[in-house]
Amino acid sequence: PSPWNTPAAAAGIRRSVMPNAENMNVVLVSRRPEAWRACTEELRAGGCGLSEVADLEACKARLRADPPRLILLDPAPGEDVRRSVMELLMIDARTHTAVASTLDPEAFHEAMEGLGILDCLPLTPGAEDARRLLRLLAEV
């Protein structure tokens, strides 16, 4: 039965439905995939399809060919993160991004305001970060 065809739905109460993670493709852009292992293993365990690319150019090619639901961006030292995210948005603005950064959340928000970045992640994201990303994706 549909979750919307219930007494609660008739009363205007909606259940929160988690998206099917099996339909969520994620691309990790990183030269340090081992630093992301706890996060990526948790995403895979949740049913996400995950692929890894080493640089932004490979990510852009993937975005053009088969847009993922989420891009995890681990910027190279000296990379202009704002410009990188803007380049991805120019290809497909429907794909969400999460970015690893050493900035505190407030400074990150100020620096990246207006880009619609889903989340700021630590440089070594863990399983809890993956679960938070899945919750955030469920809300958008």
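What is the length of the polar contact that joins the side chains of R62 and S51? The value is 2.5 Å, and the close-up of R62 below gives its setting.

The model shown is predicted: local features need pLDDT of at least 70, side-chain atom pairs count only at pLDDT 80 or more, and totals for chains, interfaces and linings use all residues. Residues are numbered from 1 along each chain as its sequence is written, and side-chain values use heavy atoms, with hydrogens and water left out.

**Figure 1. Overview of the protein.** The protein contains six helices and five strands, where helices (H or I, at least four residues) and strands (E, at least two) are DSSP runs numbered from the N terminus. Their order from the N terminus is α-β-α-β-α-β-α-β-α-β-α. Of the 140 residues, 39% are buried; buried denotes under 20% relative accessible area, exposed over 50%, and partly exposed the range in between (1.4 Å probe, protein chains only). Among contacts (heavy atoms within 4.5 Å) with a separation of 6 or more, 62% are between residues 24 or more positions apart. The accessible surface comes to about 7,900 Å², and carbon and sulfur atoms contribute 53% of this area. Accessible areas follow the Shrake-Rupley method with a 1.4 Å probe; for residues, only the protein chains shown count as cover.

Figure 2. Strand β1 (residues 25-29) runs parallel to strand β2 (residues 49-53), to which five bridges join it. Two strands are taken to pair if DSSP finds at least two bridges between them. N25 lies opposite G49 in β2, and V26 has L50 of β2 as its bridge partner. Strand β3 (residues 70-73) is also parallel to β1, with four bridges between them; there, V26 stands opposite L70. Because four of its five residues are buried, β1 is largely enclosed by the rest of the structure.

Figure 3. Helix α2 (residues 37-45), together with β1 and β2, makes a right-handed β-α-β unit. Right-handed here means that, with the strands pointing away from the viewer, the path from the first strand over the helix to the second runs clockwise.

**Figure 4. Surroundings of R62.** R62 belongs to helix α3 (residues 56-65). Its side chain forms the 2.5 Å polar contact with that of S51. A polar contact is a pair of N or O atoms within 3.5 Å; within protein, one must be able to donate a hydrogen and the other to accept it, and residues adjacent in sequence count only if both atoms are side-chain atoms. Leaving aside residues up to four places away in sequence, R62 touches N25, V27, S51 and P67.

Figure 5. The structure holds zero disulfides, a disulfide being a pair of cysteine sulfur atoms within 2.5 Å. C39 takes part in none, and the nearest cysteine sulfur, that of C48, is 9.5 Å away. C39 is buried, with a relative accessible area of 0%; C120, at 19%, also counts as buried.

**Figure 6. The ends of helix α5.** At the start of α5 (residues 105-112), a side-chain oxygen of D104 comes within 3.0 Å of the backbone nitrogen of E106. After α5 comes G114, with a positive phi near 90°.

**Figure 7. M90 in helix α4.** M90 is located in α4 (residues 81-91). Its relative accessibility is 73%, so M90 counts as exposed.
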